[in-house]
Amino acid sequence: MMTEATQAPGQGAALPAVRQKVKSLPESVFAWVLIGPAMLFIAVIVAWPLAETIRLSFMEAGLGGEEYVGLANYQELAESRKFLQTIVRTFYWMFLSVGLKLVLGLIGATLLNAAVPGRGLFRVLVMPPWIIPMAIGMIGWLWLYNGYFGVLSGAMMSLGITDGPFEFLAYKSSAFYSAVVADVWVGTPMVTLFFLAAMQGVSRDLYEAAWVDGAGRWYRFRRITIPQIMPVIVSMSLLSAIFTFNSFEIIWILTEGGPRGATTTLIVDTYKTAISNFKFGEGSARAVIIVILLGAFSLLYLNLLKVVNRKYGTK
Amino acid sequence: MMDKYTKLQMAGIYAAITVFLIFILLPFFEMFMASLRPLEHLFRSPYQFWSDDFSFQAYSDMWDTVPLLGRYIFNSVFIATAVTLITMVFVVPAAYAYARLDFPFKNGSLAIFLGVNMFTGAVLLIPLYRVLRSLSLLNTYWAMIIPGVAFLIPTGIWLLRSYLEKIPRELEEAAFVDGASRMYTLRRVVLPLATPGLIVVGTAVFIGAYAQQFLFAITFNQQRELQPLPAGLFEFIGYQDVTWNQMMAAALTGILPVMVIFLFLQKYLVAGLTAGAVKE
């Protein structure tokens, strides 16, 4: 095989030296040449704005100008009962939704992993909520949740559960749980498919050995499948938790955080403050708190991951 | 043998799968049903499952009611395509470096990339808005493309890296021994071998880019002609009298491009996306 340099005419004697130089380009320098552009892009579009968010959080800033106010934005949040409620609500939202996604994902993956005819087709049919734009899926859910012409309310009426139309998104707690269901709907396919892939990666020998020893299906599931896919379960729950914590479009389209703040999570609160009301400083303080909370949660979780990996003997 | 089910078990499995799929597909089914109902029957209360006059009328009317519909779909595809191409230009070299090379701060820098996944655009919207404004990119396609690229680079690197790691090293080493430069090896040896992986990761990025347009569009773009489909349709929900059947028809039509791509590539896509979940 020839390098381009050897084919280039008119370089004569300089050639070997050049080639030597190209070849000996240190690995680390070459690596950074390759990574550099991506890193630079992230720095400009993510890291710099992040730094700017932190700076703005100490400012009173709006469309006009900005003025340094120290910790006033944070102090205001610390004293706000409403904000505390929002934090609690966000974690409740996250744990509930992620829990449901994991349970449904595990059930779904087990079903799709069963050796029955047609499972290839089922696997395809599970995916649409994951791949279509969330905003479009939510248009469907808006329709489903409508009291007058949605099928859910209609079914409840004909079953006699409710007398009249039930508007799912109009009451505080039904709106919250309706949003959770829609969020679970969006997140379940990804969890299911990752669990399925992990299950298919478990060695058949393990199952056969257990089967020969007379272990039933449930026993094999509990003592082989679950421990074997544990690392994936743990990493998926972190990933899913981050997505759910940050879930914005679903809530925004269904309820815009209402009714009366019942579905306002931190991310929705931040958006409302900063973008809808142009309070950039106060919005930034919220954003910083999101980053801190998520960062702390992730660190805690990664430590848990280490423990789990050690226990189940994977790298 | 081990995998054999009794008839009863089979029935149970299929029943459970059916319930699961009903949950997943119900919104699509309802959207489809609503798109077929004539407007005057759409709001019939109490709810009636069956309308006797289903028609595809909404699918032709929608182009008149939402004059920009074609434009929205084009914008969505265009933005997603641009995001994909630009993302891949950044991702390919970086993924190769992480898959093959040893260098200082390797794990640290990878962690930084993956850390980006922790932020959604929503946290960074304020300064991002200002960055785009100072570059006078607000209300242009770039306002939706640039943030889109930034948030897909980490995923792209992660997916492509695990693909590249599976390509045998021997071929590259052979090229090295023959005196090929590093860049030459990357371009002429690694990339051709990685083509299937590039297609999978490219498709995954495209789907991601198609799905993530809403937030950036409603925040950074006020120009209706440039709006991608989700944002364009969302604007319609606010209108006085929404022709819901046409709205549903438009929404379903708008997801056709991704669905078609997905159906063609689903087998590879699932394998590629979940590669990290399978033990080597």
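Chain B of this predicted model contains twelve helices and zero strands, where helices (H or I, at least four residues) and strands (E, at least two) are DSSP runs numbered from the N terminus. Residues are numbered from 1 along each chain as its sequence is written, and chains are lettered from A and ligands numbered from 1 in the order in which they are written. Local features need pLDDT of at least 70 and side-chain atom pairs count only at pLDDT 80 or more, whereas totals for chains, interfaces and linings use all residues.

The radius of gyration of chain B is 23 Å, well over the 19 Å that the globule rule gives for 280 residues, so chain B is more spread out than a compact globule. This radius is taken over C-alpha atoms, and the rule is 2.2 Å times the number of residues to the power 0.38. Along the principal axes, the C-alpha atoms of chain B fill a box of roughly 75 × 70 × 30 Å.

Chain B is assigned domain 1 (7-60) and domain 2 (68-277), with bounds that come from an automatic or database domain assignment. The C-alpha centres of the two domains lie 32 Å apart. Nine residues of domain 1 of chain B are in contact with eight residues of domain 2 of chain B; contact requires C-beta atoms, placed from the backbone, to lie within 7 Å. On the domain 1 side, two or more residues each come from α1, α2 (39-42) and α3 (57-65) of chain B. The most, four residues, are given by α1(B). This side divides into seven nonpolar residues, one polar and one charged. Ala, Val, Leu, Ile, Met, Phe, Trp, Tyr, Cys and Pro count as nonpolar, Asp, Glu, Lys and Arg as charged, and the others, Gly among them, as polar.

Within chain B, the axes of helix α7 (residues 142-164) and helix α9 (residues 182-211) come within 10 Å and cross at roughly 150°. Such axes are lines fitted to C-alpha atoms, for helices over the stretch in contact, with angles running from 0 to 180 degrees between N-to-C directions. The crossing angle makes α7(B) roughly antiparallel to α9(B), a label for angles over 145 degrees. Residues making the contact include B:G148, B:L152 and B:T155 of α7(B) and B:A194, B:G197 and B:V201 of α9(B). The contact residues comprise ten nonpolar, five polar and no charged.

Between chains, 84 residues of chain B are in contact with 86 residues of chain A. Helix α1 (residues 7-36) of chain B supplies the largest share of the chain B side, 16 residues. That side has 66 nonpolar, eleven polar and seven charged residues.

Definitions and conventions: Angles under 35 degrees count as roughly parallel, over 145 as roughly antiparallel, 65 to 115 as roughly perpendicular and the rest as oblique. Two residues are in contact if their C-beta atoms, placed from the backbone, lie within 7 Å.
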